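Work through these exercises with the model in view. Try each task before you read its solution.

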Amino acid sequence: MSLAELTRNSYQCGVSPHQWLGLCKLLVQQQDVGVDFSTAISNAILELYRLYPADPTLREYLQLALSDGLLSNAIFVSTFIRAARDPELQNGSTLDMLCQLALSTHYTSGLSHAGSIIPSADSQAPVLSKVQDVLALLRIAHSLPPSNFHHLIASTSDLAILLLSCITDMSQVTAAQAMIYLGDANDVLQSLRLLPELRQVLEGFVLSLSLLMGDDAKAVRDAQMLHTMQLTMGKNDVLGANVETDTVTCGLLLQSLVACRTCDFGAGSDLEAVAVMTGTLRWTSWAPNVFCTQLLVAALTCVAQSSAKDDHETSFSLWRAFVVGRLPRLLFTLEKSLEAHGTMEADWRAAMHAALLSLSQRSDLMAQCDIVIRQSKGHDSGQDNNTSHRSLIREFIQQLLAVGIIEYAFAVSMDPMMVNDPRTRLQSEAFDHGCSIETYLDSKLTLDSSPEDTLLLLEKIRQEPGSHHCFAAVVQKRFTSHSTSLDLEHLSHLTRTLYHHDFALDILSLHLKISYLICNALEIISEYDCETVGDPQTAVSHLGDIVLFAEMVLAKFRISSPIIKDGKMYRTELLRCTSRVHQQDDLSPEHKSAFAIWYKAIFDSNSEGIDDALLRTTKPQILLQISATLFSQAALARQENRLDNDTLQTGMSYFLGPLLRWTLVGVIHAMLFEIGHRALVAPFHLAIVQNILCSPHCPIVVRRLCSPSCLRLLSSRRIQAFLQSPVLDISVIRATCFQTLGVNKDPSCKALEDHQISPATRWMDFPKQEIHDALALARRHKAPRIDVTRCLSATSPSKFLDLLWSELSVASSLGEMETCRRLATFVLAMPRQLSSAPPLLPIFMYNVLPYLITAIDQQQVTEKGMNTQLLVTIISSALTAALHIEWAVQTVCQEQRFVLGQPSAAVARRLAADLRAQKRSSSTSATILQRLGSSPAFVTNFPVFVM
């Protein structure tokens, strides 16, 4: 009886693994089975796996034979990866089980790769043959359907890395053999989405083979040296691998451009956004075609993971507007910037062509985008058939062609149907009128257009991202012109159009610095008076639309810090602090006089109301600043019975008309603030809120700006104690707010789960959750996002960085070092609005790093080594990225400014001095200094670390 027959009969008769092992040993002793009995046992069990996939009993047979030594792991690996070519054995769970068994046996054996993964006596020729087998297994793993029940790609990748590391001497490999192995490895690199660690090792193998294509001995020695260095140190030393299958870096970049689009380095800033893209390109050291490919893949990944609903920052409509309408123009500006520094136009176009070809092969990503597109159509009743059937990729290619960074012939080769693709509605209408889209839009956004026609036009613009740039240009030209000439009538019409159509503001924020429009508005609001105006009531009403527009933009895009335009600083407190209630003694004489006159005119039963003379004597800015105080005093007077209800109602009616409704945002927020602090002592404040918010005359923009704060307040338990009455009903206020925000919720409920009205405890957990979500997205090969500015509004910079380190330390221990490096580099080296968020790189290096080094010095050896490596990786990568960002800002924006707080050279100089001062008492400091100083690439950029 042979070992194969014994194994088959034992399994089919239910013989236990221990009994089978004893029978095998007995057969080996009694019969002359030969030296290949290990191979026979392995092949026998693998033959049974063809009939009984992923069987646990067969796994026990193998595991027992391996642990006993009857079957060597090296023989098992060799027979397994060769047998895996058989289609009958290509079951995902089976192959993963066998891979995991080989890996666990190796790791628990304590042996080196040579002896555990391959026989110690093997020459390099059989090892290279096994590498071919494992590369074939990799192709099989990627071709099988993915499953949550196994991790075949990961386990196969680990096995491939171990086998590649067994190649130590390629001096006997001929050029012909090298050509065969090179073709096989290159095919895997180009056709499969490999894990970063495997790609790094396989690229080193390919480079070594490339040098062997020559026959001289020097090439062989160089190849051996290069391969050994890459296996021990990694391709790019301490700076990281910068693998070319990375959605994290470009994903974080694009998410930041969109989320922070109104900031200095957001999508709305042409040169600053391009500077960040240029710095990222230099830091990653990717070739242009690789960078373009990663950027486009990340862009479509962002679209694929967007929401079909249009009510928040991750909406499909917003990402479609950015990818189709904005990104091609940023890429065009990037191309021109690179041409000024040596990149040829032909090279960049070739890079874009290669990126689009690579993108066209990502059918999985296209399918995910199609799903979101179909879902968005269900939420978008206004979408016309012509637009709904237009492919997102086709639209994107058309815009790349329109801006001139791809060739027409290439565009048609990518999508032959583009030739027959009809014009968009706006293009057709502009063509019929014999003008450009920009001229056509300019002729339509006039006072003569009815609100219905204007709304229809804005819907067409929303659905056609190719027109967004023209729309933004028209708005900017008009806003600037009307502001300069103080044409309030036309400016009022324009701002009213914009704040009534929310997505129009999103379009503007992607294509221009919308904060600059606020500067124009602030100048008018702060300086305008009605002394010489013929019709002050109409003038004040027009000015009110400008105020509401500015308040809407500040709230929507969370603009709170001063805005600097043309060297002049504009403070936003005039519009953000309208809810401040002043004590009369604190008012200036001018404000005190205006308060007395207006209080008498509005809340005095004997008053004749508001006349033109009153409007001419009061600057609108002062009226905006005292409105909250007027209502606060009126509510107090009503509570003390110094003011009757009819007079209070009459006073409120003035503010619900066009003349004064632009002051209501500050009034309502002031009432809510006093209710929150005084609770039951402020019953009339809540009545004022109800009467204003629930009035049919209350502007929708006022409700939108006040509803989140109102709902937060009404969720308080103290407010639930208010007695319900026919004139005071909290559920009515809540229902109005929910309806305004588009929230489908029972107004009688007390718990508010919506993210816009989260309780304070949930807000304090935001930084940790944001980091968790970013790591989770990276693990799923999605485009991660992290709102650093918002995190810093919930906690201090040092606490946030300490929290970030804790999470990255855990992730790196799970083998996610590359993801940790990229995420940390983004947090530390990405420039942000300095007035909104302090620069984190100096804070990390000066304040957080010394504490981390002290803590690591006290850790156990294994944990200490891992965390030291993580620190070295973060320091080197962040400083290098900062250096390239500084250079890019200086060359692209043509200005010298330290966007990260301090020059990277100064940060590096102080860090080197601190590490040298501590290296005798801190082994971690000494290791970091040694690792940084031994990296040629890092020392080239920062010579202060030369050892």
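The exercises below cover salt bridges, a helix pair and backbone angles.

This is a predicted model, in which local features need pLDDT of at least 70 and side-chain atom pairs count only at pLDDT 80 or more, while totals for chains, interfaces and linings use all residues. Residues are numbered from 1 along each chain as its sequence is written, and side-chain values use heavy atoms, with hydrogens and water left out.

**Exercise 1. Find the salt bridge between R320 and E395, and state which helices it links.**

Step 1. Recall the idea: side chains of opposite charge can pair when their charged atoms come close.

Step 2. Apply the cut-off. A salt bridge is a side-chain nitrogen of Lys or Arg within 4 Å of a carboxyl oxygen of Asp or Glu. The closest N and O atoms of R320 and E395 are 2.9 Å apart, and the two form a salt bridge.

Step 3. Locate the partners. R320 is in helix α16 (residues 316-339) and E395 is in helix α20 (residues 392-403). They are 75 residues apart, so the pair links distant parts of the chain. Helices (H or I, at least four residues) and strands (E, at least two) are DSSP runs, numbered from the N terminus.

Step 4. Buried means under 20% relative accessible area, exposed over 50%, and partly exposed in between (1.4 Å probe, protein chains only). Both R320 and E395 are buried.

**Exercise 2. How many salt bridges does a search of the whole structure find, and which residues are linked in a network?**

Step 1. The search finds 30 salt bridges.

Step 2. The network links R261, D502, D506, K556 and R704.

**Exercise 3. Which residues make the contact between α33 and α35, and how do the helices cross?**

Step 1. The axes of α33 (residues 620-639) and α35 (residues 664-678) come within 8 Å and cross at roughly 45°. Axes are lines fitted to C-alpha atoms, for helices over the stretch in contact, and angles run from 0 to 180 degrees between N-to-C directions.

Step 2. Name the angle. α33 is therefore oblique to α35: under 35 degrees counts as roughly parallel, over 145 as roughly antiparallel, 65 to 115 as roughly perpendicular, and the rest as oblique.

Step 3. List the contact (heavy atoms within 4.5 Å). From α33 come S627, A628, F631, S632, L636 and Q639. From α35 come G666, V667, A670, M671, E674 and R678.

**Exercise 4. Where does D566 lie, and is D566 buried or exposed?**

Step 1. D566 is in the loop between β1 (563-565) and β2 (568-570).

Step 2. Its phi is near 55°, a positive value in a residue other than glycine.

Step 3. D566 has 75% relative accessibility, so it counts as exposed.
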